[in-house]
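Subject: Structure handover

Dear colleague,

Here is the structure for your files. My notes on what was found in it follow below.

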Amino acid sequence: MSEIPLKASGPVCFCSAGRTMSVAELQKVLNHHLLSFLGRDPSRASNTDFCKAVSYVLRDNLIERWINTQKSYYEQHKKRVYYLSLEFLVGRSLGNSMINLGMQGPLTEAVERLGYDLEEVREQEEDAALGNGGLGRLASCFLDSMATLGVPGYGYGIRYEYGLFYQHLLDGYQVETPDNWMRYGNPWEFERPQHLHPIGFYGRVQTSVDEHGRTRNEWVDTDIVMAMACDMLVPGFMNDQVVNMRLWTAKASREFNLSYFVKGNYIEAVKEKVSSETVSKVLYPADQVVEGKELRLKQEYFFVAATFQDIMRRYTKKNGDFDKFSERIAVQLNDTHPAIAIPELMRLLVDIEGLDWDRAWSICVATFAYTNHTLMPEALETWSVKLLGKMLPRHLEIIYMINHLFLEEVAACYPGDLDRQRDMSIIAEEPEKRVRMAHLAIVGSHSVNGVAEIHTELMRSRIFRLFDEFFPTRFNCKTNGVTQRRWLLKCNPGLAGLICGRIGEGWVVDLDQLRQLEPLAEDSAFVDEWRAAKQDNKTRLAEYIGQVCGVEVSPDTMFDVQIKRIHEYKRQLLNILHVIHLYHRLRSDPELETVPRTVIFAGKAPPSYAMAKLIIKLITSVGEVVNRDPRTAGRLKLVFIPNYGVSLAEKIFPAADLSEQISTAGTEASGTGNMKFALNGALTIGTLDGANIEIRDEVGPDNIFIFGMTAGEVAEEKQAPKRSPGDIYLSDPAIAGVIDGIAKGEFSGGDRELFKPIVDSLLDPNDPYLVLKDLGSYLVCQNAVEEVYRDRREWARRAILNVARMGKFSSDRAVREYARDIWGVKID
């Protein structure tokens, strides 16, 4: 990969406190770290050793900046933002830190002088896969933007010992193995044993009356797990600002039980330690079993409680009361996973600090803000009252009190409307009593935001309509964004270098400056350079696919890409149906003129999601048939690249020609992959769902391919269907041929049972994802894609306009809006 194209990446870099460091000095420091930190002979060090040594050099520069940044928060009495997220999909930190610190050039040269290749060194770093998808990656992008914009912020989450699973393909099936990303240590983190907080679980509530006649509640006889802080530092871009992601790891309150140990019962002696430390062991335990559900709730409370002990520690350093709490602290809940923070803060203020309920509640609401990430009611988190009451008995009491007072207000506004009270209650009564965490988050926050305009509109008009009526100023939109530092500057240096050569480097911190590219879409020489940069990226990806998948693909074909979590609503099925349709056309007419196409899938299915895993099997099975058929040689290939994650995404986005964003309208909250593709010069084929609508509005309807029903039409079709999937099957021979091919075993060696669940779902009159109902429109739209792609210069022109008009979709813009409208933080 070529060097990042910035002036600051020359032979001298600016290190801690503004001091410069030459290449020769960097060599000495690298050797010092190899010797002193790793105990390795520099002349015999491996690429892995050098990866750690380079990481330590960068970490040295980060820590002094971070200390200075923290001091400025205290000295200037800045309001601080706490971003609580159960996921942070970090990826690799080395390349991003080099870029943001301006050390890419000198470190490259220093490593080369020592006989190593920096790109090979960088490949040794493990991905920190502490998230599942868009929600976790958004959190990481936001931290990058906070640091770059100078927002006094922190990210808080869990330092999972095992991240999202490692995905293998065995006979086309997904097989999961543990992702032990910490096996060789993590050179980026600082363990903070001085920040060790006790976290209680279970126990009981003890009620008493104090000397003033007030009722006091005390949570006692709890099981204690210790939370230890581990900091990972996130640098701003070339501005000496560094924020930290504080991740909590679970520790036992004692290493072992001595009484068992001396009796020789060694397993029982360490049982408590093992049980305690399980809390931070794995991302997303299997929640189809009771034990998995219980561990998931433990994780949510564990990191929230530890975070608020940290918040209280910082606040009380400089404040003797809580009058200015919400003026000094803003807490953003990234989805409902941290929503238990609301009763936790109430417990701290009322039970521990002695504030009266009304005062504590006003502080609480002024402090919290909630980001919703889903439109599907079944995906909204709820917890069994029985489980929550067993694990967090005092919190359940507080939730009931919050609900009681809230429903009194609802009843006062809507007398006698019991249905409204039932629907708005934080407690769902049937079929079993459950706590609705989204309702708790809405009631306990001063701001509730969606992550795209249509998502916010549907949130207000559908799933939370009653709350929007009751809190008319509480709901707002903050469209997602991505950081251009990672998702263009770092992952696509060829294109970034071309852009910098024509319009300068200002876009790195002000993405709107890409608008200057618009006139260049008509510049023949620039278009040629653009196409060459894309071809280089496709060639690299083709080589990677050959190495990993064993399939030879041509970079001269259209790279048609869908990479995202495997889920029925994201409709990978729609895509594979098109592939089968195209395959049938090519097979039946060898002379058919089509654009040669390589269809690329990647993504992980949740381990317990049988249908999603079967969809992966279908994709791989179709690929086996298509790729070995000589009639499609050079015209159609299909690959599924295993183990999708941030680093793999950084290889795929720059190489894509066509971006598949084809979810059922009204199901995708926003999406950020759509933004990353467009930012790297891919054209989008998609429905009017999530941020696709805003991308269309920005890039122009001529520079995007839109098909399918709108969210409104989807709702109408579900309410009063105009036709059934069976009708479509019977009336369209081509579509029937696709379905029959799957049903009759064309892609399963004659096995008609293997993919029967998929066929049944496609023909189900109540298919909630309306795959066949959108298939005809999708096939027509794919024909339009082919027509444009035949003229490669026209395709490049539209791609340039896509990139030029992506300024809105920077996470910098999103964080500015959060800071201004929600957090009350001024950005200089």
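For the residue classes used below, Asp, Glu, Lys and Arg count as charged, Ala, Val, Leu, Ile, Met, Phe, Trp, Tyr, Cys and Pro as nonpolar, and the others, Gly among them, as polar. On that basis, the lining of the second largest cavity is made up of 1 nonpolar, 7 polar and 5 charged residues.

Please keep in mind that this is a predicted model. The average pLDDT of the protein chain is 94, and 95% of the residues reach at least 70. Residues 8–18 have a pLDDT below 50, and this stretch makes 35 contacts in the model beyond near neighbours in sequence. Where pLDDT is low, the predicted coordinates should not be read in detail.

Cavities

The structure contains 5 cavities of 30 Å³ or more. The largest cavity holds about 180 Å³ of space. It is lined by 15 residues, and Val-90, Ser-93, Asn-96, Val-234 and Arg-486 are the closest to its centre. At least two lining residues come from each of α3 (94–101), α6 (134–149) and β12 (223–235). By class, 7 residues of this lining are nonpolar, 5 are polar and 3 are charged.

The volume of the second largest cavity is about 80 Å³. Its lining has 13 residues, of which Lys-564, Gln-661, Ile-662, Ser-663 and Glu-668 are the closest to the centre.

Helix α30

Which residues of helix α30 are buried? In this helix, which covers residues 756–763, they are Ile-758, Val-759, Ser-761 and Leu-762. These residues lie on the same side of α30, because they cover an arc of only 160° around the axis. The packing partners of the buried residues of α30 are α22 (572–588), α23 (610–628), α28 (725–731), α29 (733–743) and α31 (771–789).

Ser-761 is part of helix α30 and has a relative accessible area of 16%. Ser-761 therefore counts as buried, the cut-off being under 20%. Leaving aside residues up to four places away in sequence, Ser-761 touches Leu-573, Met-611 and Asp-767. Between the C-alpha atoms of Ser-761 and Pro-725 the separation is 9.7 Å, with the two residues 36 apart along the chain.

Backbone points

- Glu-430 and Pro-431 are joined by a cis peptide bond, with omega at about -5°. Pro-431 sits in the loop between β17 (427–428) and β18 (434–436).
- His-77 is a residue other than glycine with a positive phi, near 50°. The loop between α2 (47–75) and β3 (80–84) contains His-77. Is His-77 buried or exposed? With a relative accessible area of 53%, His-77 is exposed, since the cut-off for that class is over 50%.
- Asn-643 also has a positive phi in a residue other than glycine, here near 60°. Asn-643 is placed in the loop between β23 (636–640) and α24 (646–652).

Regards

Conventions:
Residues numbered from 1 in each chain as written. Predicted model: local features only at pLDDT ≥ 70, side-chain atom pairs only at ≥ 80, totals over all residues. Heavy atoms only, no water. pLDDT = per-residue confidence, 0-100. Contact = heavy atoms within 4.5 Å. 1 Å grid on protein atoms, 1.4 Å probe; cavity = no way out; pocket = protein on both sides within 12 Å on 5 of 7 lines; lining within 4 Å. Points joined across faces, edges and corners; volume = space filled by probe spheres on them. Helix = DSSP H or I, 4+ residues; strand = E, 2+ residues; numbered from the N terminus. Buried < 20%, exposed > 50% of the residue type's maximum accessible area, 1.4 Å probe, protein only. Arc of directions from axis to C-beta.
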